[in-house]
Amino acid sequence: MTTYDRRDLGLLLLRLGTGGVLAAHGAQKLFGWFGGHGIEGTGQFMESVGYAPGKASATAAGLAEAGGGTLLALGLATPAAGAAAAGAMAGASAVHTPNGFFNAEGGFEYAATLGLAATGLAVAGPGRLSLDHAIGHVFDRGWMVPTALAATAAMTAVVVGARNRRVRDGKKDEAAEMFDEQEALFGE
């Protein structure tokens, strides 16, 4: 096996593993498969962590994960697929960041790892063992990589920023309610 062949095999394995995991996570959100909660349950969860509206957020995350993961595994439209998956993982990381880095403590380690792998695949390309290669890289042009990553980064910043504001405002409301309850208990 030549060095070039080893690289292609390595990219295939990375695409299949990363893409498969992402596709399964998306299927949990969209269809309730693999122990997931489907759009309804995932939408409720999304609302509870500040992503609103919940059903739309669940659908967007599910499509980015299932669609991006499937396309990564196939090696098709690799720049867009990797960017979409990375955006979804950035959104997941925002939820887990308060818990620190390590997944065992509820941290963002797992989401960050999947997001970085998806980004790395978007940048490196799918290799020769891919649909992109088979169709002449029609959906895998050099200019598509920075375009897909920049567009996804901009959209993700807007969505995560809005979520962070909702969470921050919710904490202010909770603190005000606690203050009002304290005042009612102890009188002023």
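**Close-up 1. Glu65 and Lys29, a buried pair.** Glu65 is buried, and Lys29 is buried too. Buried stands for under 20% relative accessible area, exposed for over 50%, and partly exposed for the range in between, with a 1.4 Å probe and protein chains only. The model is predicted: local features need pLDDT of at least 70, side-chain atom pairs count only at pLDDT 80 or more, and totals for chains, interfaces and linings use all residues. Numbering runs from 1 along each chain as its sequence is written, and side-chain values use heavy atoms, without hydrogens and water. Glu65 and Lys29 form a salt bridge, with the closest N and O atoms 3.0 Å apart. Glu65 sits in helix α3 and Lys29 in helix α1, so the pair ties together parts 36 residues apart in sequence. A salt bridge here needs a side-chain nitrogen of Lys or Arg within 4 Å of a carboxyl oxygen of Asp or Glu. Helices are DSSP runs (H or I, at least four residues), numbered from the N terminus.

Close-up 2. The N to O distance of the Glu40 and Lys55 salt bridge is 3.1 Å. Glu40 is partly exposed at 47% relative accessible area. Lys55 is partly exposed as well, at 46%.

**Close-up 3. A salt-bridge network of Asp5, Arg7, Asp8 and Arg128.** Shared partners join these four residues into one network. Within it, Asp8 bridges to Arg7, the closest N and O atoms lying 4.0 Å apart. Asp8 is buried, with 2% relative accessibility. Arg7 is partly exposed, at 40%. The structure holds five salt bridges.

**Close-up 4. The largest pocket and its lining.** Its volume is about 940 Å³. A pocket is an open set of points on a 1 Å grid over the protein atoms alone, where a 1.4 Å probe fits, with protein on both sides within 12 Å along at least five of seven lines. Volume is the space filled by probe spheres set on the points, which are joined across faces, edges and corners. The lining has 36 residues; Lys29, Met46, Ala61, Glu65 and Ala88 lie nearest the centre. Lining residues have an atom within 4 Å of a point. Helices α1, α2, α3, α4, α5 and α7 each supply at least two lining residues. The largest share, eight residues, comes from α4. By class the lining has 19 nonpolar, 15 polar and two charged residues. Nonpolar covers Ala, Val, Leu, Ile, Met, Phe, Trp, Tyr, Cys and Pro; charged covers Asp, Glu, Lys and Arg; polar covers the others, Gly among them.

**Close-up 5. Thr42 in helix α2.** Thr42 is buried, at 10% relative accessible area. Leaving aside neighbours within four places in sequence, Thr42 is in contact (heavy atoms within 4.5 Å) with Gln28, Lys29, His37 and Ala58.

**Close-up 6. Aromatic pairs.** The count comes to four aromatic pairs. The ring centres of Phe31 and Trp33 are 4.7 Å apart and the planes stand at 35°, so this pair is tilted. Rings of Phe, Tyr and Trp (its six-membered ring) pair if their centres lie within 6.5 Å; planes under 30 degrees apart are stacked, over 60 edge-to-face, and the rest tilted. Trp33 is partly exposed, at 47%. Ring pairs link Phe31, Trp33 and Phe34 into a cluster.
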